[in-house]
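Please look over the sequence and the model first.

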Amino acid sequence: MSETIENQLTHRSVRHFDSQPISPEVLAQLKEATRRTATSCGVQMASIIQVNDPEKKRQISLVSNQDYIAEAPQLWIFLTDLYRSYRIVEEKGENNNCVRGMDGFIQGFTDAVLMAQNLVNAAESLGLGTCFLGSILNDPARIIEILQLPELTFPALGVMFGYPGQQPQLKPRMPLELRMFEDSYNCFEDSYLDAFADYDQEMTTYYDTRAHGKRSDTFTDSLTRIMLRDAPLRRGMLNTVRAQGFDLALQPR
């Protein structure tokens, strides 16, 4: 097995870091690995904000409701970025309204997520610990305000990283047959709860061990809570996308 795959198979979310600084040489390697990420049509419609300001980190931690973000050695926010494309098309003397479409938005969002994964792969290969931060989307409008993002940009995903100050347990993943199918989607016609019974038990053991008996939970219970949670800013995320100048081009139902 390659070292790359070994690192991928042992990925853990690290939320606490030690005081060892990341050298400029290591950061330069990570930036270059991230820059070389595959990109849709080669147009590179994603950008990164490296957040160094402690106050901005603190404000982002409040949006995410995760105090440890404020202490992260490195915090990078990955953006859908059509602003750059808009300006280039405008300066070419062309009609730049087409840049506002959702096709470009999704291309940029995908580019941003791919860049974040490339960063994580590179960082973990160098012995760093990482954590993805989808929680920045708890209030995307506030993130836009904190980072002073122009129109036609949107925060897609955050990553914090540093030298690990903890060694979390490896979190179980559901069996591949429950999420990888051949040629067409496989609906479990009988009972999804029955199909997930073994994985529920595995997750209960994981939580019980990690929390020293203070948490008893299953995958299906956790999923149900998340699906039912009251998160109006997340449910209305397209309103923020539209406020950033993107044309949703929605058709009446």
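**Pockets and a helix pair**

In this predicted model, the lining of the largest pocket takes at least two residues from each of α1 (3-9), α5, β3 (129-133), β4 (153-162), α8 (197-210) and α9 (219-228).

Largest pocket
- The largest pocket holds about 1,700 Å³ of space.
- Its lining is made up of 45 residues, and those closest to the centre are Ser13, Arg15, Lys171, Arg173 and Tyr207.
- By residue type, the lining of the largest pocket comprises 22 nonpolar, 13 polar and ten charged residues.

Second largest pocket
- A volume of about 210 Å³ is found for the second largest pocket.
- Its lining has 14 residues, with Thr10, Arg12, Glu124, Leu128 and Gly129 nearest the centre.
- Four nonpolar, eight polar and two charged residues form the lining of the second largest pocket.

Packing of α2 and α5
- Helix α2 (residues 24-35) packs with helix α5 (residues 102-125) at an angle of about 140°, and their axes are 8 Å apart.
- That angle makes α2 oblique to α5, because angles over 145 degrees would be needed to count as roughly antiparallel.
- The crossing of α2 past α5 is right-handed.
- On the α2 side, Leu30, Ala33 and Thr34 take part in the contact, and they meet Met115, Asn118, Leu119, Ala122 and Ala123 of α5.
- The residues of this contact are six nonpolar and two polar, with no charged residue.

Conventions:
Residues numbered from 1 in each chain as written. Predicted model: local features only at pLDDT ≥ 70, side-chain atom pairs only at ≥ 80, totals over all residues. Heavy atoms only, no water. Axes fitted to C-alpha atoms, helices over the stretch in contact; angles between N-to-C directions. Helix = DSSP H or I, 4+ residues; strand = E, 2+ residues; numbered from the N terminus. Parallel < 35°, antiparallel > 145°, perpendicular 65-115°, else oblique. Left-handed = near helix turned anticlockwise from the far one by under 90°. Contact = heavy atoms within 4.5 Å. Nonpolar A, V, L, I, M, F, W, Y, C, P; charged D, E, K, R; others polar. 1 Å grid on protein atoms, 1.4 Å probe; cavity = no way out; pocket = protein on both sides within 12 Å on 5 of 7 lines; lining within 4 Å. Points joined across faces, edges and corners; volume = space filled by probe spheres on them.
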